[in-house]
Amino acid sequence: MGRSGPPTVKLENDTIRLDIEEPGEGYVGSRFDWTGKVTQITFQGRHTFCTEETTDPARRPHTGRGLFNEFGIDEPIGYEECPVGDVFLKPGVGLLTRLSEEPYDFFCSYPVVPGMTRWELRDGSVSFEFSCSTPRGHAIVLHKDIVLDGSGFTIDYALTNRGAATLRTNEYVHNFLAVNREPLGPASRLTCSFPLSTTGFHESLNPGKALSFCGDGALWNQVPASPFFFGGLHPVADQTVGWRLEHTTERLAIREAVGFAVQRFNLWGAGHVVSPELFKRIEVPAGGTGRWSRSYQLLFT
């Protein structure tokens, strides 16, 4: 019998299961990291937390779903000095060809020569190793470990700079979430460990004022009819930073916590999906290794 979809790695224990696309299968675009693409989180065998970026079936092969992380959405490695027609480096993806003199555009589909990826599945964890280098001296090795821990899991990163110059970029996870695939609305609430206010974001798009903020919480007054976006909030990072998404009718929640200094916080979504995003600033000297971790927890409320 043939497969009904892309080859999938499954991590599971008595509480949760993660479905993870194999590198080079499923999503193979130029934007999101191909290693550790968590396409679904299942809790207690029946509750799910992930959904697709878009509701348009024709666009789904080229967009994200679940927990897809990205490096360099606005700080691509080596793009500025890359001549048109030459290649620059996208961690977790490979070598991308610069197509024009225009600035880097994460929505653009750049031709990709994949980097070298190895992965190993163990009991309760999976490890990925990605390596890639450019003719102009950028070279990296990325290790990523996803490890189950009771009703949650961690994603551990180690980015080694094997080039001659300091490596500067950023990383975040585009969390495409929908509790049991329920739409956003009055039963949805996002709570952060830092204050939220429309005056704190550098960018905002809130059609129909579907979303409102109160203290550290975001509330949906109605199902958003079109995408919303709030970007550029800089949380105080002197302690563990995180967010929690709760659906009061389903009585379920998912939360993420990080221990690094957060570069910024973005919030994107539409009627069927919401994505809270904690950005990690990356600066790794030649020969050095940058390490950071993200922890997720599922719970009943």
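Predicted model: local features only at pLDDT ≥ 70, side-chain atom pairs only at ≥ 80, totals over all residues.
**Stop 1: Asn69**

Select strand 5, residues 66-71, and pick out Asn69 within it. Is Asn69 buried or exposed? Its relative accessibility is 4%, so Asn69 counts as buried, the cut-off being under 20%.

Now show the side chains of Asn69 and Glu171. They make a polar contact at 3.3 Å.

Next, display the surroundings of Asn69. Leaving aside residues up to four places away in sequence, Asn69 touches Phe32, Asp33, Thr35, Lys144 and Tyr157, along with Glu171, Tyr172, Val173 and His174.

**Stop 2: the largest pocket**

Move to the largest pocket, with about 470 Å³ of space. Select Arg31, Ile73, Phe106, Phe107 and Phe229: of the 22 lining residues, these are the closest to the pocket centre.

Then colour the strands. Strand 13 (167-176), strand 18 (228-233), strand 21 (262-270) and strand 22 (273-284) each supply at least two lining residues. Which strand gives the largest share of the lining? Strand 21 does, with four residues.

Colour by class next. The lining of the largest pocket has ten nonpolar, seven charged and five polar residues.

**Stop 3: the second largest pocket**

Finish at the second largest pocket, whose volume is about 290 Å³. Its lining comprises 16 residues, and the closest to the centre are Tyr27, His62, Thr63, Phe107 and Ser109. Keep Phe107 selected: it is listed for the largest pocket and again here. By class, the lining of the second largest pocket has seven nonpolar, six polar and three charged residues.

Terms used:
Residues numbered from 1 in each chain as written. Heavy atoms only, no water. Buried < 20%, exposed > 50% of the residue type's maximum accessible area, 1.4 Å probe, protein only. Polar contact = N/O pair within 3.5 Å; in protein donor to acceptor, adjacent residues only side chain to side chain. Contact = heavy atoms within 4.5 Å. 1 Å grid on protein atoms, 1.4 Å probe; cavity = no way out; pocket = protein on both sides within 12 Å on 5 of 7 lines; lining within 4 Å. Points joined across faces, edges and corners; volume = space filled by probe spheres on them. Nonpolar A, V, L, I, M, F, W, Y, C, P; charged D, E, K, R; others polar.
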